[in-house]
Each structure stands twice: as C-alpha cells, then as structure tokens.
Amino acid sequence: MLLSLSIWLPIVSGLILLALGRDDQAKTVRWLALVAAIASFAVTLPLITGFKVDTAAMQFVENFYWIERFNIHYHLGVDGISMWFVPLTAFITIIVVLAAWEVIESRVNQYMGAFLVLSGLMVGVFSALDGMLFYVFFEATLIPMYIIIGVWGGPRRVYAAFKFFLYTLAGSLLMLIALLYLYLKSGGSFDIQTWHKLPLPLDAQTLLFFAFFAAFSVKVPMWPVHTWLPDAHVEAPTGGSVVLAAIMLKLGAYGFLRFSMPIAPDAAHEYAWFIIALSLIAVVYIGLVALVQNDMKKLVAYSSIAHMGFVTLGFFIFNELGVSGALVQMISHGFVSGAMFLSIGVLYDRVHSREISAYGGVVNTMPKFAAFALLFAMANCGLPATGGFVGEWMVILGTVKYSFWLGAIAATALVFGAAYTLWMYKRVYFGAVTNDNVRGLTDINGREFLMLAVLAVAVLWMGVYPKPFTDVMHASVTELLKHVAMSKLQ
C-alpha cells in the first residue's frame, strides 16, 4: 500500500486544507501543510530502502478492479525507471510549502491544498500501470497547476494559465485515441505491460508513436511546441515554477519511456532521427535564445527547455549510457532547476522585480544567499561534482557512441549553458551595489537557508556519488533497450 499512501495521503490532506477555507487560520494551515508534506515524503522512503536493484520487474505492485465493466484496474507499481520520481515529487512539495511560508498571505489554505493535491496526482502518473488510470492522473495534474498560475500568478496570469491548459490538453486528446485503439487491439485490456507485447504493424505503430508524441512533446516541452513554458514560468508564483520545472516537465519525458518506445519500438527506431533533430535544436537554438533574455525567470525557463532537450536526445540514441544519462538528467534537473527558481523567488520577494537590470552587487548585501546561488548556477552550467554534470556527460558520451558529430553538437550546450548562466550571475550578484533596492536587501533567514541548504546537499550528492541512482535504473533500462531492439515485426 506504499504507492497508494504516496498518492492519496497528499491528496486527502490537500482536500482537508481546501475545506478549512479561512485566512484567519493561515498559521495553522501552514503547519498542517508542512506536516502533510513531510509525512507524504516519509511514506516514500521505504520505496528507496526496499527497492531491489537486480530486477527489471515492477515492484510494490497493487492491482484490483476499478471499473470492472470496462476492465479498468487500479494498477500501481514502480520499476527502476519510475521509482526515483516518487520521492523526488514528495521532496519538492516540502520545499514548495516552505517557500510559500511568508510569501502567500491570502487564500493560504487553497494554495497549500492545490500543491498537495498536485503532488499526489503526479506520483499517480509515475506509478500507474493501467492506461486509463495513467490518463486520468496525467490530465488531472492540469487542474491544480492551472489554478495555481491563474490565481496566484503575475499580471498576465490568466493568459499564461489558459495557454498552458490548452496546449497540454490538445496534445493529450490524441493520446486518448491511441489508448482506446490499444484497448480494442489487446482484446479489452488497459494493462500497459500487455500493450508492450502487442505485435503491431509499422503503420499502426507510426500512428501510435505520433499520437503519443503529440501529448508528451508538449509536456516536455520540445521545440517548437515549447512556447507555453516561458509564459507559464514568468507568470507562475515561485512554488508553481519550482514544481513545473522540477516535476511536471518530467511527466512528458517519462511518457516516452513507458509508452512511445516499448509500444511502438519499430516506429521509435524509424523516426528517431526526427526526435534527435528536435532535441538538438532545443539544445542549441534555445540556448542561444536564453542568452538574450532580460528576465531572470524567462532565462531559466529557456534553460529548462535546453536541458530537457538532452533528455529526449538520450532516449532516442538507444544505448544504455544515453537512456540512463537522460534519467539522471531528469532527476538532477529537478533539484537544480527547482533551486534556480527558488533563488529568483528569494530576490523577487524582496525587490519585486525579475529584471536582471534591477540588480547588481547582491553579493555585497546577501553573501550567504549569493554563495548558494553560485553553486546552483554552476550546477546549471554542468560543472563537474554537481548534479547538473553527470546526466549531461552521460548523454554526450552516449551520443558520441551513436554519432561523433551529433555528440559534438550536443556538447555545445555546455558552452551556451555556461554563457547565459554565468552572465546572468555576473550582472545580478557581482560588482558594486548599483541601486537602493539592492542596498536595502537583507540576507536569507533561517527558513530560506534551510530550503537552499537541503537542495545544495542534493545537488552535490548527485554530482559526487550518483551510484545509488544509476544502480536503481540499470536493470530496467537494460530490459527496455532489449525490448525496443527486438522488432515486433520479426
């Protein structure tokens, strides 16, 4: 029942907070939200300690009828590909609750409740082994995020929320058609693992592949369907940006591994060049776009698109280094991007501006905070011994193994990443104090120090000792690649 607890404990807690409904209870709500978030994270820890790394089989499985008439099951389980995303989601939720502690002053119960419900739904996506259950969780995540952006966002929040909702919903409708086709083709089963074994002809695989591509590419997001993300990030509150970058983008990438590649392996090989091309455009072109941004949030949003380009590139070069590296990149990007958006939030809470030109010399007034921000900036560049390096390095090595020239193109991302991240850091933090806003800044308090310190430990841990992460995913990645390599047409 561990996975059910991981899903429903935050959802039920969030619904209880929504029912409280009064701002005069804000202090109580904050503490209840923190306790619920910590408890939700605690129930995911046995997944880590009890996970068997030497098997590719699903573990912690729960399976019983949900809607018996249509053979829809409440079927949960995790393998080496999905396991780490469950505790990562719960961990990021704790950070988000802490980040909003003093910043959100109105509708506190709704804000905290929305994030707890969203946390449970995202865990459901990573755990679902029934196609319809997956679809329900996948679509349901849109609702709390839509509310978070639309209610607590910036001046253009309604526009950004609608754009986010419409882009992601439109892509998912094609996925629903694909799921229903597979249901009929498998004799009335929504079991995802059964779908993996279906002997489908190439034309059917091609249609399924692009139906799934429509849903997952928007969620990642891949170029050119990425335009909703910078708007959503800029308008979202800090917590919304953290969850969006750290977890929600991973739902689309995870979909490629659970659906596109194993269900349509021949089509995946046939159109790998297409995904690789889009990924390299994201890595190079979006990196250049990030260079010219004046808004810190928009710069980091474009940076996320470029980093997620590494993920899709790693998947479709079909070697273990590439796929494992992409998974490590997904996890480390959760820590690094979350930390980057939190750092911007710390400054925004004090100055109420995201423009790089509004700052300068922050290190003089906030030395502790500047030290944390430097670590996260270096991780975003892919500095060795930080979490940002390991995944990118593995993907580049895997790509070089696949094609030297493609690997060389991918490696330029490290140059662009260093350019836009360090240039932003230089203009915001270094130099003399240039205005009264910066002159009046106070350094981070104990709550902010705790948040950033925990993320700093995670970033350094992944960079110095990534073995626990790669060990967990090794058997499942090997099995997936073996399955994808065996043509269903033979």
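This is a predicted model: local features need pLDDT of at least 70, side-chain atom pairs count only at pLDDT 80 or more; totals for chains, interfaces and linings use all residues.

I began with the lining of the largest cavity: by class it has 10 nonpolar, one polar and no charged residues. Here Ala, Val, Leu, Ile, Met, Phe, Trp, Tyr, Cys and Pro count as nonpolar, Asp, Glu, Lys and Arg as charged, and the others, Gly among them, as polar.

Residues are numbered from 1 along each chain as its sequence is written, and side-chain values use heavy atoms, with hydrogens and water left out.

Next I looked up which helix gives the most to this lining. It is helix 16, with four residues (helices are DSSP runs of H or I, at least four residues, numbered from the N terminus). Helix 16 (320-351), helix 18 (367-381) and helix 20 (404-429) each supply at least two lining residues.

I then picked Ser-343, which lines the cavity and sits in helix 16. Is Ser-343 buried or exposed? Ser-343 counts as buried because its relative accessibility is 5% (buried means under 20% relative accessible area, exposed over 50%, with a 1.4 Å probe and protein chains only).

Beyond neighbours within four places in sequence, I found Ser-343 in contact (heavy atoms within 4.5 Å) with Phe-369, Ala-373, Phe-376 and Leu-452.

Definitions and conventions
On a 1 Å grid over the protein atoms alone, a cavity is a set of points where a 1.4 Å probe fits but cannot get out, and a pocket is an open set with protein on both sides within 12 Å along at least five of seven lines; lining residues have an atom within 4 Å of a point.
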